[in-house]
Amino acid sequence: MAQPSGIHARRAALKMLDAVLRRGETLEQAAPAALRDVRKAPDQALARAIAGEALRWLSDLDALIDSATKKPLPDDAKPRSVLRLMLAQALRLETPPHAVIATGLPLLSGGPRRLAHGVFSTLTKREVVLPDVPTLPQRIRERWPEMAHGLALPPEVDLHLKETDETDQWQAKLGGVSLAPGHIRLPRGTPIERIEGYKEGAWWVQDLAAQLPTRLLGEGKGKHVLDLCAAPGGKTMALSAHGWSVTALDISKRRLGVLKDNLKRTYLKASAVRADALQWEPKNHFDAILLDAPCSATGTCRRHPDVLHRIGARQIAEMVEVQRALVERAIGWLKPGGLLIYAVCSLEPEEGEAMARWIDETFGLTQLPIKPEELPSGLQPSKEGWLRTHPGMLADRGGLDGFFVGRWTTSAE
């Protein structure tokens, strides 16, 4: 019997959901294998959207499923996963119920299929809806209760302009809004390569929060900066555009290749070095170092909702060890009076605020407090002079990723 149209996309979405929740993979890691049999780009995008929305609203979808069963289904039961996907389509992607049933139930057979059909039909007859904002995992909810307002929708597209003084010009060309000089925010939906200015390298895609660490270094005026863990290159391009002589170091050959491609497209220059920062030794010291350290990446949950469901205490502790080792090495590579920016796209205090206190207590650096006038309107530094962002901030203007940034200087002697 012929399979219904769209079944391959739903099967791929189920594989991605299973890879995230059972094996702790990211959606990006899971996608290649899951999408192997999905040939058309629109179907691939649909599979990603279904899995992404199921993860974004996971706690709320599970609550609905549990409300329609006599006994809770095991978390790893296939009927629960299929129902998550079916409800995500009906409640978030506005897929008609008959299409949801036609493409969802064939993923099951026998008793589980009848169970899923019954649960979905019961919830459809009740005309259930999801809350205005997603229910976050308890660990995140306790730390950042207000951030859920920034997670209801996937983020819009942020552009970092190569020429800051052309902000008004590009805003007029592209539309959208600007939340800071050199920044344009556009509605999602248009393929990046089709946006005006892409081919001529006038901008690159970079979340507003991720743009802030380089802005806090200021103009380079030819001075030397090390961009540690640099790929895929957003911060490297910003530093180069701001007049720094950039050494961009990364351990990944593939990601460093992306960085080089981005530099070529934007006609910007940097010296790209493939090396392990924990083993590499520079020939010369630097006027500034930007360490955007490897981290749990929980701050990217607007576009990667899987991260909230696969990161726990063990992964965070492992990242903290790496971050401390990188900080210790980086500080030794600074010239007298050199600047250090430490940044992570993490919501975890262990990787942010606690790391900044450790730097303060351990190395004898002088903190350079971040000033309100250095930040986009609506953002404020902490009382300690650090910057903390999370998705609930600027939610009325589209939100932004979760980041932590601190800034220090070495002794001038």
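Buried means under 20% relative accessible area, exposed over 50%, and partly exposed in between, using a 1.4 Å probe on protein chains only. Keep that handy for this predicted model, where local features need pLDDT of at least 70, side-chain atom pairs count only at pLDDT 80 or more, and totals for chains, interfaces and linings use all residues. Residue numbers run from 1 along each chain as its sequence is written, and side-chain values use heavy atoms, with hydrogens and water left out.

Start by selecting E94. Phi is positive here, about 60°, although E94 is not a glycine. E94 sits in the loop between α5 (78-92) and α6 (97-104); helices (H or I, at least four residues) and strands (E, at least two) are DSSP runs numbered from the N terminus. With a relative accessible area of 70%, E94 is exposed.

Hop to K221, another non-glycine with positive phi, near 50°. Look for K221 in the loop between α10 (208-215) and β4. K221 is exposed too, at 76% relative accessibility.

Next, pick A231 and P232: the peptide bond joining them is cis, with omega about 10°. P232 is in the loop between β4 (224-228) and α11 (234-241).
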